[in-house]
Amino acid sequence: MAEKDTKEAPLEEAPEDKEQKLPIPTRLPVLLLRDIVVFPFMIVPLFVGREKSKAAIDASLSSHRMILLLTQKKMETEDPKREEVYDMGTVALIMRMLKLPDGRIRILAQGLSRARIESFEEDNGHIEAQISVLGEPDVPAGTLESEALVRNVRSGLEKATSLGKTIPPEVLIIAANVEEPGRLADLTAANLELKVPEAQAILEIIDPTARLKKVHDLLAKELELLDVQSRISTEAKGEMDKMQRQYFLRQQMKAIQKELGEGNELQEEIKAYQDKLKKLKVADEVREELDKQIVRLGQMHPESAETTVVRNYLDWMFALPWNRSTVDNLDLKKAKAILDEDHYGLDKIKERILEYLAVRSLSKTIKGPILCFVGPPGVGKTSLGRSIARALGREFLRISLGGVHDEAEIRGHRRTYVGALPGRIIQGLRRAGSNNPVFMMDEVDKIGADFRGDPSSALLEVLDPEQNNSFRDHYVGVPFNLSKVMFITTANLLDTIQPAFRDRMEVIHLPGYTEEEKLQIALRHLVPKQVRENALTVKRIEFSSGSIKKIISLYTREAGVRNLEREIGAVCRKTARKVAEGRKGLSRITSQNVETFLGPPKIFKDQVQKKDQVGVATGLAWTEAGGEILFVEAIRMKGKGGLALTGSLGDVMKESAQAALSYARAHAGELGIDSKIFAANDFHVHIPEGAIPKDGPSAGITMATALISACTNTKVRWDTAMTGEITLRGNILPIGGVKEKVLAAQRAGIPRMILPAANRKDLVDIPKTVLKEMSFLFVEEINEVLREALVKGGRKPPAASNRRA
């Protein structure tokens, strides 16, 4: 990049010296300029950042110090081609060069002569051009036209200075002493702040008289603009004087109205504020601030902008629920009934709410809990907050923080302009009308941060029980007690939440629903809701349990119930259409006729093939939408011992595959593998659905099983899924997301699952129905995995001691 140094003085003409009489080579390195045209005899500072431009400067300094300055047609072009630069430029002499700390180069260049490029090519990392130098044509001395143009241009420069144009005095002195029309034209054009196309047009005019005539026209246009600008400034000054005169007259009118007893509207408003302040029960600091603002309002003019700001502030302050609270429902049985009515399952969350109510019934000074519901989309995090508010008998507020970048959304704007407002916290409390609502903040894992601040950091004070009893909004300016508010946040992932922010919240995971839970949710909540929304009744449509199960297993694959509700809604809409067309009677939706409403199944249980195969092992993965099963495929082929990994694998999975192969090579004898096959074969590990990125350590034992199966030509049991991290010593390390992975295996119809022994404790969270359907094998070493997963001499059931936790 090369651009003008804006901090330097305007362009000046260089004095004639012996350097300008140096012979100019016919081939020169090229320095491309973005937004400036350099004229002969001018000295200009330039910043250089592009690598090709740096190389051109180095080539020039290592030889004759001359360089061709060419301007590109579009300044945003990073690497211009021949047709993207102008044909004519200026040969310049590099007078000084300075390397800057940021890697750029600053040069001081002096224009010597115009030149036209004949060829344009890249050479040794920079651009070089074959040029033809265009000297200044001789002009007959003393012609009337040229003399008149010279005088007009000189007087125009002086007039521009008098109208406010910034032209250095030394430029005016040089212009007064230059007699050559061409040099005067170049000097004037360089100080007119012309756009690049206009300046380039001046540079390409060879005839001095024609060039000076063109510059004279541009100077005349500039003088007209300066004249209009000066007239506008004068009018604006007169308008300001008029406003000051009007203010003085208004003050006189105010005094006259006071004598006559008129214009008391503002005084009546102030009296109303004072009456409200007497009835308000607030802290002394708040009372003093309100009293101060009321006094200020009485000293202001009713029509001033500042009066509006103060009036809005007082309206907000008196509307806030400083000491208004709703009465909590402390009947635990009634609260439990409401929670059970609104949501099926979710026992941990219901238990936590009932614990809070129990403590609240024993102590009135308990602070509101700060909960964070973490789980995949569609598991009912937001609706659960509304249910909690109903169970507690409190107002419910909800704000979405997804994509919020501005800290003022939380803390509010300072009262420096008319449109200032408090943050969303204070705004929500005003809407609620109480200081103890249930306040839900959705999508806290998607909060942004930029030059306007970090909302996550602003929320640290809001969600800290030790600090939020004196939360200070920028707009309100005084402390507000948030300790009675029950804050609930929701997120899909914890990873993107700041550690300090996460530390202030009590995290409760909602991993997803089992098929049985989805069935009950559909029958109790989703079906009645969709029947009602599609203008049907129970006399018109009826869903069987089998139809719901089929929709769950063959038309949706999710941790929540959002898509399940959509599919049920689709069935209801088609039924509503038939009713509108005149069909009478009851439409029964069964597992046999679901396909007539929804079409062929969309899900195929992850395409589990119920046959044992060599080199194919079934693994389990955690995703933000719940658990998923994945297949690890391994083959060997003639080669030299290489390992190929495909399927959009992350670094951790690649390292797991390498560790599995290393373990197999190190223990080849124990595993019954001929050690020669590692040198004579290449191995390829692939995980299907290659467009989806995958990473994590829990596929280690799955990859090891697939590789060892391929090496020993032993089949892997199809009915066994596995998850766990492997070490080089063959130990199995614990993993996370056990519940989600177990549910994924259960949904896919896999009856056996291998887990690290250290994860035995995690089966506490698994629903009892799933525990009855599946058997779990707990392992500590890879040999145990191979014994249970590989088929050797016929199928056998797992050991009885490992079947249950």
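Is Asp442 buried or exposed, and what is its relative accessible area? Asp442 is buried, with a relative accessible area of 2%. Here buried means under 20% relative accessible area, exposed means over 50%, and partly exposed lies in between (1.4 Å probe, protein chains only).

A word on the model before we go on. This is a predicted model, in which local features need pLDDT of at least 70 and side-chain atom pairs count only at pLDDT 80 or more, while totals for chains, interfaces and linings use all residues. Residues are numbered from 1 along each chain as its sequence is written, and side-chain values use heavy atoms, with hydrogens and water left out.

**Salt bridges**

Side chains of opposite charge can pair when their charged atoms come close. A salt bridge is counted when a side-chain nitrogen of Lys or Arg is within 4 Å of a carboxyl oxygen of Asp or Glu.

| Pair | N to O distance |
|---|---|
| Arg390 and Asp342 | 2.8 Å |
| Asp442 and Arg398 | 2.6 Å |
| Asp464 and Arg504 | 3.4 Å |

Let's start with the salt bridge between Arg390 and Asp342. Arg390 sits in helix α12 (residues 381-392) and Asp342 in helix α10 (residues 332-342), so their pairing ties together parts 48 residues apart in sequence. Helices are DSSP runs (H or I, at least four residues) and strands are runs of E (at least two), numbered from the N terminus. Arg390 is partly exposed at 41% relative accessible area, and Asp342 is partly exposed at 24%.

Back to Asp442, whose side chain meets Arg398 in a salt bridge. Asp442 belongs to strand β11 (residues 438-442) and Arg398 to strand β10 (residues 396-400), so the pair joins parts that are 44 residues apart in sequence. Asp442 is buried, whereas Arg398 is partly exposed at 40% relative accessibility.

Asp464 and Arg504 also form a salt bridge. Asp464 lies in the loop between α15 (455-462) and β12 (471-472), and Arg504 in the loop between α16 (499-503) and β15 (506-509), so this pair ties together parts 40 residues apart in sequence. Asp464 is buried at 11% relative accessible area, while Arg504 is partly exposed at 24%.

Elsewhere, a network of salt bridges links Arg114, Glu136, Asp186 and Arg211.

**A positive patch**

On the surface, Arg573, Lys574, Lys578 and Arg583 gather in a patch of positive charge. Such patches are made of residues with over 30% relative accessible area and no salt bridge, with like charges joined within 9 Å. Arg573 is found in helix α19 (residues 562-580) and is partly exposed at 48% relative accessibility.

Key. Patches are made of residues with over 30% relative accessible area and no salt bridge: like charges are joined within 9 Å, nonpolar side chains (Val, Leu, Ile, Met, Phe, Trp, Tyr) within 5 Å. Accessible areas come from the Shrake-Rupley method with a 1.4 Å probe; for residues, only the protein chains shown count as cover. Lys and Arg count as positive and Asp and Glu as negative; His and the chain ends are not counted. The place of a charge is taken as NZ of Lys, CZ of Arg, CG of Asp or CD of Glu.
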